[in-house]
Amino acid sequence: MTRGPDMTDHQRGLPGPGPDGVDLDRVWIGVAAEVWHRRPGLAERLASRLLRSPGLARALLTTPSLLLGWVLATTVVLLAGVAFTLSTGTPWVALIAPPLAGAGIAYAYGPGIDPSWELSQSMAVSDRMVLLVRALAVFGLNAILGLVASAASGAVAAVTFGWLVPMTAVCGLALAAATLTRSPNVGVLAGLAGWLITVLGERVGEGRLTAAVTSTALVLPYLAVAAACVVVALYATRTPRGT
Amino acid sequence: MNVEISELTRRFGRTEAVAGVDLRAGPGVFGLLGPNGAGKTSLLRMMATVLPPSSGTLRLLDRDPRSYGPRREIRRRLGYLPQNLGYYPGFTVAEFIEYFALLKDMPSGQVPRAVAAAIEHVGLGGKARAKLRTLSGGMLRRVGIAQAIVNEPELLLLDEPTAGLDPEQRVAFRTLLREFGQRATVIVSTHLVEDVAAACSEVTLMDAGKIVFHGTPDELIAQGEGHGIGDAPLERGYSAVLAAARS
């Protein structure tokens, strides 16, 4: 297929061996490699060293919910939460951070968001490893953004850190639903619905909107839900057996 | 042998998509022909290690893909073009091919040159920095072929690779197939018998999950002598074998 109709005039004019026996095709490939190659940025180089896999690093850097637009949108929502918290006294950051992180996790990886999913499954870098690395990175970034926003809103320590455990459960639920149904939207909805039910249920039971975040009695159930959801996600991403 | 398949079966519920297939293939270009639903894509997906078999044995590049380590090694040496290849619209041609070269675990120092060579191989040099969303269907198919060959695979699996290619590009593609077939096992699933006639050293015809013919294109042509259906000799052979298998 070389020298097809889409080649540039410059390329078309290249003869095979040059006048001095120089293989101009080989020279051109070297030039094209330099021109077309996308130099990895600092973040990708660091990720590549950390993960010891350039492929995994590139896969991490192309996570939809780690792209600049998504991160900016998350920051804007958290900033709005900070503003509402400061003006109303209700710790909105702690209430919105878990489903926000869940949405990021649901959009981290999977057949619903990867147009080349079939091809990705045939790659040496396993899709499960890509999912794991992306999910951990999204979780970590959302935790940091949420903690900064929570601290900025002047919430007490119990609230500032209290939502981290429920966030783990919501992220697990979103991930399990997204991988099981192969739809990130279902993952987002599951995370949001689960969190709303918990918050409103605790509001009715305890009489406080923040009970879902501050109640120590819920820590173990949250962790149990998170662990169960991770098992479901691992099951959903296993190599399917023949029937 | 790069591909050794024995009694390979794949069921989807009650449907047996691949029903006890035996196949052995070394270097060369192998055409996989058959009507819709014959089991070609399922067989190719099993060879691409995307779909595990229900039963039977499958060895690829002298390895058993059921274990993680050998499967990873097979995938490093594999080139696969699925029937429906999705594309990341915001990627350029070079970025897309580079991404999959990295996911194939190619040494990162070799990737830029391999990507450039693959792009030139499919004649997309002038579009290397174009976004995928700006390309035509035929060009996207060539991008798919480029990602499949970027790692100089020892086993190249192509599902309907010529769909969307214009006649000139199909001719060029067959040349590429023959070139790869000299050093690798190339298995091409196609509906187009002229692709098989022009590029394949062996042809396998599937129907209802089973192999109903395996031989050279000339042997398939010989099967069609005296058979009325089909414009080209190979088409007559194809029709005759299918008619015999179904009778």
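Reader: How is chain A divided into domains?
Author: Into domain 1, covering 15-51, and domain 2, covering 62-236. Those bounds come from an automatic or database domain assignment. The domain centres, taken over C-alpha atoms, are 41 Å apart.

Reader: Before I go on, what should I know about the model and the numbering?
Author: This is a predicted model, where local features need pLDDT of at least 70, side-chain atom pairs count only at pLDDT 80 or more, and totals for chains, interfaces and linings use all residues. Residues are numbered from 1 along each chain as its sequence is written, while chains are lettered from A and ligands numbered from 1 in the order in which they are written.

Reader: OK. How many helices and strands does chain A have?
Author: Chain A has 13 helices and 0 strands. Both are DSSP runs numbered from the N terminus: H or I with at least four residues for helices, E with at least two for strands.

Reader: And what share of chain A is buried?
Author: 41% of its 243 residues. Buried is a count of other C-beta atoms within 10 Å of a residue's own, with C-beta atoms placed from the backbone: 20 or more is buried, 12 or fewer is exposed, and in between is partly exposed.

Reader: What about contacts between positions 24 or more apart in chain A?
Author: They make up 69% of the chain A contacts with a separation of 6 or more. A contact here is two residues whose C-beta atoms, placed from the backbone, lie within 7 Å.

Reader: I clicked on A:Trp92. Is it buried or exposed?
Author: A:Trp92 counts as buried, because it has 24 C-beta neighbours inside 10 Å. It lies in helix α6 of chain A, residues 92-106.

Reader: Which residues does A:Trp92 touch, ignoring those within four places in sequence?
Author: A:Gly81, A:Phe84 and A:Thr85. As for A:Val133, 41 residues away along the chain, its C-alpha atom is 29 Å from that of A:Trp92.

Reader: Switching to the A/B interface: how many residues of each chain are in contact?
Author: 35 of chain A with 52 of chain B. On the chain A side, α2 (24-36), α4 (54-61) and α7 (117-120) each supply at least two residues. The largest share, 5 residues, comes from α2(A).

Reader: What's the class make-up of the chain A side?
Author: 16 nonpolar, 13 polar and 6 charged residues. Nonpolar means Ala, Val, Leu, Ile, Met, Phe, Trp, Tyr, Cys and Pro; charged means Asp, Glu, Lys and Arg; the others, Gly among them, are polar.

Reader: Now chain B. Where do its domains run?
Author: Domain 1 is 3-77 + 155-246 and domain 2 is 85-152. Their centres, over C-alpha atoms, are 24 Å apart.

Reader: How many residues do those two put in contact?
Author: 13 of domain 1 of chain B with 11 of domain 2 of chain B. On the domain 1 side, α2 (68-76), β6 (155-159) and α6 (167-181) of chain B give two or more residues each, and α6(B) has the largest share with 4. By class, that side is 8 nonpolar, 2 polar and 3 charged.

Reader: How do α3(B) and α4(B) pack?
Author: Helix α3 (residues 93-103) and helix α4 (residues 111-121) of chain B pack at about 125°, with axes 9 Å apart. The axes are lines fitted to C-alpha atoms over the stretch in contact, and angles run from 0 to 180 degrees between N-to-C directions.

Reader: And which residues meet there?
Author: B:Val93, B:Ala94, B:Ile97, B:Glu98, B:Ala101 and B:Leu102 from α3(B) meet B:Val111, B:Ala114, B:Val115, B:Ala118 and B:Ile119 from α4(B). That contact has 10 nonpolar, no polar and 1 charged residues.

Reader: What about α3(B) against α5(B)?
Author: The axes of α3(B) and helix α5 (residues 137-149) of chain B come within 9 Å and cross at roughly 35°. B:Val93, B:Phe96, B:Ile97 and B:Phe100 of α3(B) make the contact with B:Val143, B:Ala146 and B:Gln147 of α5(B).

Reader: Last one: where is B:Glu160, and what is its phi?
Author: B:Glu160 is in the loop between β6 and α6 of chain B, and its phi is positive, near 50°. B:Glu160 counts as buried, because it has 20 C-beta neighbours inside 10 Å.
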